[in-house]
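Student: I would like to learn how to read features from a structure. Can we take them one at a time?

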Amino acid sequence: MIKKLLVALAVAFSVALQGWAQEITILHTNDIHCGISEGVTLSSVSWLKNVYKNAGLPVVLVDAGDALQGSPLGTLTKGSAIIRLMNACEYDFAIPGNHEFDYGMENFLDSHANLKCNYFSANLFRDGKLLLQPYKIMDLGGRKIGFVGVTTPGTLASANPVVFKDPQNRKKQLYSFGEKIKKKVPELYKIVQKSIDKAKKEGAEKIVLVAHFGNGYGLWNIADLVKNLHNVDVVIDGHTHQDYILKLPNGDGKEILVSQTGSRLSSVGRIRITDQEILADHIYHLSGNDEIVDEGVVFENGNLDEILMAVLGHTGYNLCAFHPETKERLVRKTESNLGDFVADAFRKVCDADIAVVNGGALRADISEGIVTFRDVLSVMPFADELCVIEVTGKQVLDMLEFSAYKYPDEFGGFLHVSGMEFTIDSHIPSPVVTDSKGAFVKMAGPRRVKNVRIGGVPLNEKKTYTLCGTDFILRNAGDGYAMLGDAPLAKLVVLKDSDAMVEYIHNYLEGVIPDTYNNFSGLGRIKISE
């Protein structure tokens, strides 16, 4: 099979094209999220690259971010296992997504150093100076191709904001992504264009923009970025877990291809470049494998098995992050039994009046049957610290408004709650005003959140409540929750989010998850008026 494919590729692609010795192939992935054995699998992606390489054809493998986080394998090794597997695949170019920073900046810099191809970003700055190389020029088939990296400035909110602060002064932002806006124009465009111009000046004949942006995320979306850049020939995208090949106009008015391959290796992208055209497609099925990568996967997983398979308890039904029939993601726009369960775990274990958990933190279902440590870490792979703060009823109202401000669209900051209930009137336009980073600024209109009750009693705007959640949301303004500001700590909690779930199942529920949570759509804490 492999031999036949090698011959076929050699015949198909070694034919000389006018002006070009050979067709150039770029294979690309994005948002792997530790799903190394899912979809087409990382082993098969490596095999495909080797098919081209062994046939003597110019090929590179590129990743557009968010590979290191998303499963216990990433969490327990802080991404290092994924870095080792990417090295085994011989990636040629990679950029950081927002989740590459989940284990802290020091760990990210270690990952950058340990990844053989390194990370590239034209817009990641430390104290105003570029932290990484912004681009890389590769000689492929006798032609110079420039690869320029760019990471969404939305990372400042969607990753833990404290990562980007000065450790000696948490009020000072040490790292930036070109997020400032002058005269309604983001500085980002000028920053990225500068790197493109340098790459062109150094002889790059084509420019491949490798972005972690996505299509349709407010201010920071790929369409706006592309139309404000000149001399970009093709775009590899990531971040929104969408599967698309789009044609979007660049700053020169030329329509160019923009490709994103979904998530968890649901496909591998392929871009083919000649002097006459650029083509793109996605490959959803591969039959080959790379034995070296397979051995690496077995080794990395084997190191964790004993810890991960520890039994915590049992459930007679699924706790759902996804709709049990349609498989649509629930937790970023509606209540779910999983969200209720996790919020209850936070509130009970930390002994607070109310608790919240953001939908973006809930990454997997817990299936009916035995519940293991692996299941818990699959749900909450970020290992965020919990905290309990004191908030006013007014802050709670603003927090809930912000949670609902994108409804009916998905929002990673959509909150699941414990100890309270409320109604979202979707007929009322959201009154929330945000800044360029997507952070809460103020209210400007009637509220869409109504009938808020805490402990069965109507919320009192002047009363103080204890609120439990992750420091990502409560103390570091993650997902944009700036209204919580400098709310004082009510108590010191030395506990991670996943640890609270373990303690809730093992100590509070004695290993048996009750039928209370058996409705996948939750306990009716969040009512939505359509």
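Predicted model: local features only at pLDDT ≥ 70, side-chain atom pairs only at ≥ 80, totals over all residues.

Student: Is T152 buried or exposed?

Tutor: Look at relative accessibility and compare it with the cut-off: buried means under 20%. T152 has 2% relative accessibility, so T152 counts as buried.

Student: What does T152 touch, leaving out residues up to four places away in sequence?

Tutor: With those left out, T152 touches F177, H212, F213, W220 and H239. The side chain of T152 also has a polar atom 2.9 Å from the backbone nitrogen of G154.

Student: Where is T274, and which backbone atom does the side chain of T274 reach?

Tutor: T274 is in the loop between β17 (268-273) and β18 (278-283). Its side chain reaches the backbone nitrogen of Q276 at 3.0 Å. T274 counts as buried because its relative accessibility is 7%.

Student: Now strands. Which way do the side chains of β13 point?

Tutor: In a regular strand the side chains alternate between the two faces of the sheet. In β13, K206, V208, V210 and H212 point one way, and I207, L209 and A211 point the other way. All of these are buried.

Student: Why is β13 described as largely enclosed by the rest of the structure?

Tutor: Strand β13 covers residues 206-212, and seven of the seven are buried, so the strand is largely enclosed by the rest of the structure.

Student: Which strands pair with β13, and are they parallel or antiparallel?

Tutor: Take each pairing in turn. Strand β7 (residues 143-151) runs parallel to β13, and seven bridges join them.

Student: Which residues touch the most other members of the largest nonpolar core?

Tutor: They are F101, F164, F341, V342, F346 and M380, in a core of 87 residues. Helix α11 (residues 337-350) gives the largest share of this core, eight residues. Apart from this core lies another, of 35 residues, among them I354, V452, F472 and L484.

Student: What are the contacts of F101, not counting residues up to four places away in sequence?

Tutor: F101 touches P96, F108, L124, T155, A159, V163, F164 and F177 on that count.

Student: How many salt bridges are there, and what should I look at in each?

Tutor: The count comes to 18 salt bridges. E90 forms a salt bridge with K53, with the closest N and O atoms 2.9 Å apart. This pair links distant parts of the chain, 37 residues apart: E90 is in the loop between α4 (80-89) and β3 (93-94), and K53 is in helix α2 (residues 42-54). E90, at 39% relative accessibility, counts as partly exposed, and K53 counts as partly exposed at 43%.

Student: Where do R143 and E205 lie?

Tutor: R143 forms a salt bridge with E205, the closest N and O atoms being 2.8 Å apart. R143 lies in strand β7, and E205 in the loop between α7 (187-201) and β13, 62 residues apart. R143 is partly exposed at 24% relative accessibility, and E205 is partly exposed at 33% relative accessible area.

Student: Which residues form a network of salt bridges with R525?

Tutor: D340 and D344 are linked with R525 in such a network. Both aspartates are among the buried residues of α11.

Key: Residues numbered from 1 in each chain as written. Heavy atoms only, no water. Core = buried A, V, L, I, M, F, W, Y, C linked by side-chain atoms within 4.5 Å. Buried < 20%, exposed > 50% of the residue type's maximum accessible area, 1.4 Å probe, protein only. Helix = DSSP H or I, 4+ residues; strand = E, 2+ residues; numbered from the N terminus. Contact = heavy atoms within 4.5 Å. Pairing = 2+ DSSP bridges. Polar contact = N/O pair within 3.5 Å; in protein donor to acceptor, adjacent residues only side chain to side chain. Salt bridge = Lys/Arg side-chain N within 4 Å of Asp/Glu carboxyl O.
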